[in-house]
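Q: Please take a close look at the aromatic ring pairs in this model. Which rings pair up, and where do they sit?

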Amino acid sequence: MVNLLPAHIRDAYVGAELALAATPVPFSLISNGEYTPKRPSPALRRAKSALFEKASETAPRHGVDVQSFLSGPCGFAASFSAMNAAFGDSFAVGASEAEDADAARAAREAVVRQFVFDDQVHFLRDDADPEFFKPLTGMIDIAADILNLPRGSETAVDGIKFENFLKEIYLDSDTDVALLSGAPSDQPEGWMLTNDMMAAARAAVNAVVGERRLLTHAVFSPMHPGWLDEIDRVHETLSPDGWKGYAVGEPFGPSEYRWRLDDEKVAYPAFEKFLKAGVRNICVHKGLLPEDAEAFMPGAEPFAKVNDVGQAAKDWPDLNFIIYHAGYRTIPGPTEREVDAFETSGRIDWVSDLAEIPEQYGVSNVYADIGAAFAFTVLTHPRLCAGMIGILAKGLGPDHIFWGTDSVWYGSPQWQIEAFRRLKMPADLAKKHGFADFGDEASPFRSGVLGLNAAPFYGVDAADYSKGEKAGKFDQLAEMRARYDAAGGRRTNLAFGYAAPADDEAGLSDA
């Protein structure tokens, strides 16, 4: 079942796109339905307050209102300046970027041609039952009641469906290529997208844009009736770019279909089929358990751990095991205990376990996608976020980290792209734990993570997506973006999961 939260808890949450202020960086945790979000921390609330104070002061000088300022060239710089004021010097922001539009545009010119490949994007099927997917649709009726809108408003649902997905991913961000993903469910109606729907979306996007802009997973679901036959059918008819699996089975609650990557009787027959078909990328959801996992996902933890990855990778050296969310254990952490443990030991639960697999098992075919794990740690504890990336780079290798954003739940992925470009590695962490510095915004390390690392695994040549400089090749997406900008198009700065309001009175804990 998807909608498992007790009513008195569920009713405390609201649709992010309706209830949160539209800021370039969402100063609140946004849930995709796989966990209950905490209310904004005092630091996030201070950052939000500082941003609006700055915007209210600066917008009139630009001759625009506050929301226009926040969607304009200075919006991100002002947001990260506010984050620095709340969290310490965590993000690189030019001295005049937050006030001078020309300076902000100049800073952007340094990175605008950087290739971005997002290996984890989502949208919700058109025929989805809003009641079933309430955790994914921003608690539609609850938000409608709070904001005095008609019950049954489709705003939240539309925000995470195909049309808005295209706008948020391709027009409102620097994303060049995206990999569409899905999730299984114990119930047929619980699949966000079927394998055929994902393939159809890929065909539609690429037909409009005129090139390979959208790739797609197919979802494999061990032990479901006919699941091995479905793998054969997908290979024969849909040509997936990779496979996605959830070892926890149903990602939103109890499941009858849990499995391990190193299970020779369950998982290995699927791997044999993948390899025979020439599809080498096996993407697996790991970690990302809610704090109250045992209450809502009883028995899930052994399957969410990464302790089954090493043996599978060793047994199948010709497959690439791409571990989603970097195996980060608990969302929406970090807890005080996790932060203290990290500061002392340099370790993060399950992320460090994942990073140690290459040395322990003598393998080089294990990779980490940082989707969702990056989004919530960079908002709640930028220093720990930098440490997470440092751990992965040190253990797996800097070229074994893939970029994912879990959008469109978080709205346009642009804020995450900007955050990664600007996030600093604290000098004391680098010295104490041997973490490498990230370099400047356009450094080889950042460019690798943002796209160059993953691209070859999917047959994508970054040179084919050189932001309008294609040696005479017409760039349909660049043309679409230019027309969009000329018509006054801009980011809405909305997110589309669900969140705890800042003025919550329900006794929810802070992020």
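A: What follows covers the ring pairs, then the core.

The model is predicted: local features need pLDDT of at least 70, side-chain atom pairs count only at pLDDT 80 or more, and totals for chains, interfaces and linings use all residues. Residues are numbered from 1 along each chain as its sequence is written, and side-chain values use heavy atoms, with hydrogens and water left out.

Rings of Phe, Tyr and Trp (its six-membered ring) pair if their centres lie within 6.5 Å; planes under 30 degrees apart are stacked, over 60 edge-to-face, the rest tilted.

F76 and F80 are stacked, at 6.4 Å centre to centre and 20 degrees between the planes. They are 4 residues apart in helix α5 (residues 75–87), so about one helical turn separates them. Helices are DSSP runs (H or I, at least four residues), and strands likewise (E, at least two), numbered from the N terminus. F76 is buried, at 6% relative accessible area; F80 is buried at 1%. Buried means under 20%, exposed over 50%, partly exposed in between (1.4 Å probe, protein chains only).

F271 and W316 pair edge-to-face: 5.8 Å between centres, 80 degrees between planes. F271 lies in helix α12 and W316 in the loop between α15 (309–315) and β7 (320–324), so the pair ties together parts 45 residues apart in sequence. Both are buried. Ring pairs also link F271 and W316 into a cluster with F220, W243, W259, Y268, F274 and F321.

F271 is among the residues with the most contacts inside the largest nonpolar core, which has 112 residues. Such a core is a set of buried Ala, Val, Leu, Ile, Met, Phe, Trp, Tyr and Cys residues joined through side-chain atoms within 4.5 Å. Helix α20 (residues 382–395) gives the most to this core, with 8 residues.
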